[in-house]
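This briefing walks through one protein chain, topic by topic, for a reader who is new to looking at structures. Please keep the model open while reading, and find each residue as it is named.

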Amino acid sequence: MGHLKAMEKMADALLFGNFGMQNITAAIQLYESLAQEGSYKAQNALGFLSSYGIGMEYNQAKALIYYTFGSAGGSMMSQMILGYRYLSGINVLQNCEVALNHYKKVADYIADKLEKSEGIPVEKVRLTERPENLSSNSEILDWDIYQYYKFLAERGDIQIQVSLGQLHLIGRKGLDQDYYKALYYFLKAAKAGSANAMAFIGKMYLEGNDAAPQNNATAFKYFSMAANKGNAIGLHGLGLLYFYGKGVPVNYAEALKYFQKAAEKGWPNAQFQLGFMYYSGSGVWKDYKLAFKYFYLASQSGQPLAIYYLAKMYATGTGVLRSCRTAVELYKGVCELGHWAEKFLTAYFAYKDGDIDSSLIQYALLAEMGYEVAQSNSAFILESKKAKIIEKEKMYPMALLLWNRAAIQGNAFARVKIGDYHYYGFGTKKDYETAAKHYSIAADKYHSAQAMFNLAYMYEHGLGISKPRGSHSTPRQSCSGKSLHLLLSSSSYRELLLQEDIHLARRLYDMAAQTSPDANMPVLLALIKLETVHLLQDVLFFNFTMIWKWIKLDNTLGPYWDLFVIGLIVAVLIFLLRNRFG
């Protein structure tokens, strides 16, 4: 078994480029050998590579077989991938109940880990947000800023001291988990009177670690100090001590009292504990309605165990109307807290260091597991065409597929990108109507200024936009002569067809500017261009549309009225030229 695990780690290093040794061909050979020995991790990896066609033949059927074997062998990642596929209907028939079964197995595994500790939140940096300056992304703490924070902490800034303590306690924003540094900063802030720092010191002694060995008496001391100042974290900590009987006798009444006080102050962990007490009947009568209420409150702050129990209630119809879809969505959120999410950080740092292939393959695996941010990031990297592990002709189609999956999960930017791909014909044929449809969804549902701007442009130019029924007469009804049709096809004739679209274009440009300040300048330039072109049309062609409607030339001059008009235009031009040069 030790040999198998060592070989799996070696294959992973070759695949993901750990330690700068990416070699996908060698990784595949190793995975294939491991799969024959029954390695579920190898089965999952081969399924992933088959699904993208990276180093292997693109084969979704084979990928599904690998994932099925992987999940049967115990791969949580394969379970999660299958859950996402059945939820979304990717190469399988959409089936919520099957998806629920897969996600529940993973969520149970994650919840068990979370009950032992709070887990480590993972920063998911969106590469699309600041491609020009990724180091400033708020999800990752820049090294220079970290040094500045350390300087402020040493100067006695209590808030910074507590913040640095929290970051080091759980390893946030790209910083390593360091209990000694966390305790150092908490102690400095506690000496200055910070109730939050006192509560966090109590938490460290309650859970126990290298810097603060487990000690219930010390935990009680610091929780009490914080609670006496009305601190919610301290009140919650005392509740935990009484609930589990750590250093004090088990006393559910006292635990309930402290949890209620902390919950009233909005502390989500206390809200969860109240929900759990009513759900399990610990020291109180079981009350699923109250349990649901407190779980829901805690879930709004992202409390993972509250989300897990809500999913459980929706899956079984306990205290709430059963909803498979809601249960799956909630379980999916819990599953995404698994240790595999740590690849978000390694993928980001690989991208920042210019190792595009290593970054892409890590994001792509997370995308396969259903992470929307990873789907967007993978698509973003693919469309840059900097990766070498996928053939260039496959990049746009694969990026379009990933943008589509991200858009289905509610990413407005991805929805706009799908519109762009159909507009320009990237990875698919040009289709203005489909582009307009996606822009409309992004504008209506997500109030995307970019989508509004793009739609305005399409309305301005009559691209892929269906005009309202009855709003315009047909070309033949308005202009019976072919010669005038040819003469005016690029300007006033087009205006004749799209006059109402121009008004809508103006409105959409204005809406884009109102929605986002960043759109003000592009909108101003677009409106100047639109009004200039529109004015030139009116000046050069005397607004023929209104004239035709007024004098009804077709009836007045007969079927050859268009030749008469052309002659009139020629006469006017000759007259103007003679005056100019005569």
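This is a predicted model: local features need pLDDT of at least 70, side-chain atom pairs count only at pLDDT 80 or more; totals for chains, interfaces and linings use all residues.

**The chain as a whole**

- The secondary structure of the chain comes to 31 helices and zero strands.
- Of the 582 residues in the chain, 49% are buried.
- Among contacts in the chain with a separation of 6 or more, 53% are between residues 24 or more positions apart.

**Helix 12 against helix 13**

- Helix 12, made of residues 232-244, and helix 13, made of residues 252-264, have axes that come within 8 Å and cross at roughly 160°.
- Angles over 145 degrees count as roughly antiparallel, and helix 12 and helix 13 are therefore roughly antiparallel to each other.
- The crossing in which helix 12 passes helix 13 is left-handed.
- On the side of helix 12, the residues that make this contact include Leu235, Leu238 and Phe243, while those of helix 13 include Tyr252, Tyr258 and Phe259.
- Sorted by class, the residues of the contact of helix 12 with helix 13 are eleven nonpolar, two polar and two charged.

**Helix 3 against helix 19**

- The axes of helix 3 (residues 40-52) and helix 19 (residues 356-368) come within 11 Å, and they cross at roughly 95°.
- Angles of 65 to 115 degrees count as roughly perpendicular, and helix 3 and helix 19 are therefore roughly perpendicular to each other.
- Helix 3 brings Asn44, Phe48, Leu49, Ser51 and Tyr52 to this meeting, and helix 19 brings Ile361, Ala364, Leu365, Ala367 and Glu368.
- The contact of helix 3 with helix 19 has seven nonpolar, two polar and one charged residues.

**Nonpolar cores**

- The largest nonpolar core holds 146 residues, and the members that touch the most others are Tyr31, Phe186, Phe295, Trp340, Ile361, Met369 and Tyr371.
- Helix 16, which spans residues 304-316, gives the most to this core, with ten residues.
- A second, separate core has 24 residues, among them Val416, Tyr439, Leu455 and Leu530.
- Leaving aside its neighbours within four places in sequence, Trp340 is in contact with a set of residues that includes Met76, Met77, Met80, Tyr109, Leu366, Met369 and Tyr371.

- Leu64 is found in helix 4, and beyond its neighbours within four places in sequence it is in contact with Leu82, Asn91 and Val92.
- Leu64 and Asn44 are 20 residues apart in sequence, and their C-alpha atoms are 9.6 Å apart in space.
- Ser71 also lies in helix 4, and this serine is buried, with a relative accessible area of 11%.
- Apart from neighbours within four places in sequence, Ser71 is in contact with Ser78, Gln79 and Leu82.
- Ser75 lies in the loop between helix 4 (60-73) and helix 5 (76-88), and with a relative accessible area of 3% Ser75 is buried.
- When neighbours within four places in sequence are set aside, the contacts of Ser75 are Tyr40, Asn44 and Gly70.

**Loop residues and backbone angles**

- Most residues other than glycine have a negative phi.
- Asn91 has a phi near 60°, which is a positive value in a residue other than glycine, and at 47% relative accessibility Asn91 counts as partly exposed.
- His447 likewise has a positive phi, near 55°, and is a residue other than glycine.
- His447 lies in the loop between helix 23 (432-446) and helix 24 (449-461), and it is exposed, with a relative accessible area of 51%.
- Asp431 lies in the loop between helix 22 (412-424) and helix 23, and at 24% relative accessibility Asp431 counts as partly exposed.
- Asp431 and Asp420 are eleven residues apart along the chain, and their C-alpha atoms are separated by 9.9 Å.

Definitions and conventions:
Residues are numbered from 1 along each chain as its sequence is written. Side-chain values use heavy atoms; hydrogens and water are left out. Axes are lines fitted to C-alpha atoms, for helices over the stretch in contact, and angles run from 0 to 180 degrees between N-to-C directions. Helices (H or I, at least four residues) and strands (E, at least two) are DSSP runs, numbered from the N terminus. Angles under 35 degrees count as roughly parallel, over 145 as roughly antiparallel, 65 to 115 as roughly perpendicular and the rest as oblique. A crossing is left-handed if the near helix is turned anticlockwise from the far one by less than a right angle, and right-handed if clockwise. Contact means heavy atoms within 4.5 Å. Ala, Val, Leu, Ile, Met, Phe, Trp, Tyr, Cys and Pro count as nonpolar, Asp, Glu, Lys and Arg as charged, and the others, Gly among them, as polar. A nonpolar core is a set of buried Ala, Val, Leu, Ile, Met, Phe, Trp, Tyr and Cys residues joined through side-chain atoms within 4.5 Å. Buried means under 20% relative accessible area, exposed over 50%, partly exposed in between (1.4 Å probe, protein chains only).
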